Amino acid sequence: MIELEGLTKRYGEKVAVNNLTFAVRPGIITGFLGPNGAGKSTTMRMVLGLDRPTAGDVRIDGKHYDELKDPLKYIGALLDAKAVHGGRSAYHHLLCLAQANGIPAKRVHEVLDVVGLTAVAKKKAKGFSLGMGQRLGIAAALLGDPRILMFDEPVNGLDPEGIHWIRNLMKALAAQGRTVFVSSHLMSEMALTADHLVVIGQGRLLADTSMADFIAQNSRSYVRVRTPQREQLLDVLHEAGITVAGSGSEVLEVEGDKSERIGELAAQHRIVLHELSPQQASLEEAFMRLTAESVEYHAHGGQPAGQQGAQQEWGAEWRRG
Amino acid sequence: MAMAQVVRSEWTKIRSVASTVWTLSLAVVVTIALGMLISALSKSEYDNMSAQDRLSFDPTFTSFAGTSLGQLAMIVFGVLVVANEYSTGMIRTSLAAVPQRGAFLFGKIAVATLLALVVGMATSFAAFFLGQAMLGDLKASLGDPGVLRAVFGGGLYMTLIAMFSMGVAAMLRSPMLSLGILMPFFFLISSILGAVDATQKVGRFLPDQAGSKIMQVVPPVGDDTPYGPWGGLGIMVLWVVAALIGGYVVLKRRDA
Ligand SMILES: Nc1ncnc2c1ncn2[C@@H]1O[C@H](COP(=O)(O)OP(=O)(O)OP(=O)(O)O)[C@@H](O)[C@H]1O
Ligand SMILES: [Mg+2]
């Protein structure tokens, strides 16, 4: 169990983490989601006592990190796979960590085996590929057989096989009753792995909800209809008691999964349809809507400064529609 | 118990990187070889020396002439042991394993210091005996007054130089910055300050000049240094303590 209470971190003027309060519970995978610069890594560094909070508190099983005796036996973390001395072999890297926490050397061989690095155990870490480095970081996290695991964007830069491996590993760890706390900036990734979701934006808590609830609330299905006889179709739908959620000059959007009904109604009234397609709003869109207010680095579509006016007009149009 | 774990861990760290081997071997080879060379040159020059120079000729100190260059390798050793944690990012992994920052830093420094002491002592004795062999009939022997202290002190000097570098590296947290300051300081600035009359009085309180007094057996004629061999080493120890405290405070205060 990891508990954050009013956790805040300021770097000079910049508030990286702003008054975060939530708990990460055992037995499930908790996804920690936020766009770039949201403060995920900073929060995780504070959990490990690497960065000092400006205000607030974070506890692991009720204790501060530096009060844990042999902390690697409580909580294993992968923050940055590159946080390794490249001149040291994988084996010696893990051995020095094990010795610092009174973990027997035979455990080093075990975790090397778990992550599949036994064959390159004596090789220097600087020769490792991105995926191998990530595996070494995970081996270090597993070293003390901890009840709590924390991974910062573990699938970053991995190939599909590596991603699959990490997903299964996290699920297996949670199934053993461990606490798994994993960050990502991809909703689609979280939807596949996480049971619980904590979303932050600009350091602030935006959502703390179960994955199932988040999906139920946000997976909107609707039907997209395109017709040159817009007014006629609107009347027909209105008479049939079907509400139209959104409409442009040629396009209508109807909530729910009513494509068959709409098609039949259009045929009855001899209305021409150019498109009739069921749509599913993705979780990714829901996540983007949730964090839209707090995205730190907006892409400005590469518009040159001279077109600023045009861009504003375009934005206004979009808001009205 | 916990401290014993940190020491074991740091010993594994220090013996598993190549930089330990090459910096320390370089310190040994350069100190001994340069000492032998200068000793051999001094012997052939002795007959051309003035009477005053002959009076203050110090065969023991002459065999330690290589220290001026060999200490640079010791500085690199001390800097890399500490600052490589930062340059590689390993510091975060290390502090996650040992969150007691004082235990982490002093465990690391204890291991590196012990290693530097063993290598420094061996180098000092080897430099003395091989240097004396080059000096022929001018040679001093270990039983002469003050000689054993000087040879022993040579080992301590090398160790303290490494410790000072560790403290500075812990304060600056970057190998390039630390080396960029320490190397010119010990190789150039200190000797320039010592050579100019106006600054000499300040210069001799610098760590290397005060510390190297311990390696002298025959003081130069007209020497007015206000401290003796052990006093000089004491001044160097104060510098080392200050650097280590500085390094500890920085590590304790700052985010990793
Ligand atoms: N040491 C630091 N000094 C100054 N600012 C920092 C520091 N560390 C982080 N920040 C700032 O704090 C904010 C949060 O950064 P953080 O790395 O925690 O975000 P993140 O959610 O992990 O982002 P990403 O998805 O890109 O990894 C950013 O604006 C970043 O620039
Ligand atoms: Mg991050």
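**Salt bridges, contacts and a surface patch**

Me: How many Å, N to O, separate the side chains of K82(A) and D80(A) where they meet in a salt bridge?
Reply: Residues are numbered from 1 along each chain as its sequence is written, while chains are lettered from A and ligands numbered from 1 in the order in which they are written. This is a predicted model, where local features need pLDDT of at least 70, side-chain atom pairs count only at pLDDT 80 or more, and totals for chains, interfaces and linings use all residues; side-chain values use heavy atoms, leaving out hydrogens and water. A salt bridge is a side-chain nitrogen of Lys or Arg within 4 Å of a carboxyl oxygen of Asp or Glu. For K82(A) and D80(A), the N to O value is 4.0 Å.

Me: Is K82(A) buried or exposed?
Reply: Buried means under 20% relative accessible area, exposed over 50%, and partly exposed in between (1.4 Å probe, protein chains only). K82(A) has a relative accessible area of 61%, so K82(A) is exposed.

Me: Which helix holds both R107(A) and E110(A)?
Reply: R107(A) and E110(A) form a salt bridge whose closest N and O atoms are 2.9 Å apart. R107(A) counts as buried because its relative accessibility is 18%, while E110(A), at 36%, counts as partly exposed. Helices here are DSSP runs (H or I, at least four residues), as are strands (E, at least two), numbered from the N terminus. The two residues sit 3 residues apart, about one turn of the helix, in chain A's α3.

Me: Which residue of chain A forms a salt bridge with D255(B)?
Reply: Let's look at where the two chains meet. There, 25 residues of chain B are in contact with 30 residues of chain A, and the rule finds 1 salt bridge across the interface. With closest N and O atoms 2.7 Å apart, the partner of D255(B) is K9(A).

Me: Which helix gives the most to the nonpolar patch?
Reply: L69(B), F187(B), L188(B), I189(B), I192(B) and V196(B) make a nonpolar surface patch of about 510 Å². Patches take residues with over 30% relative accessible area and no salt bridge, joining like charges within 9 Å and nonpolar side chains (Val, Leu, Ile, Met, Phe, Trp, Tyr) within 5 Å; accessible areas come from the Shrake-Rupley method with a 1.4 Å probe, and for residues only the protein chains shown count as cover. V196(B) is found in the loop between α9 and α10 (197-203) of chain B. With 4 residues, the helix that gives the most is chain B's α9.

Notes:
Contact = heavy atoms within 4.5 Å.
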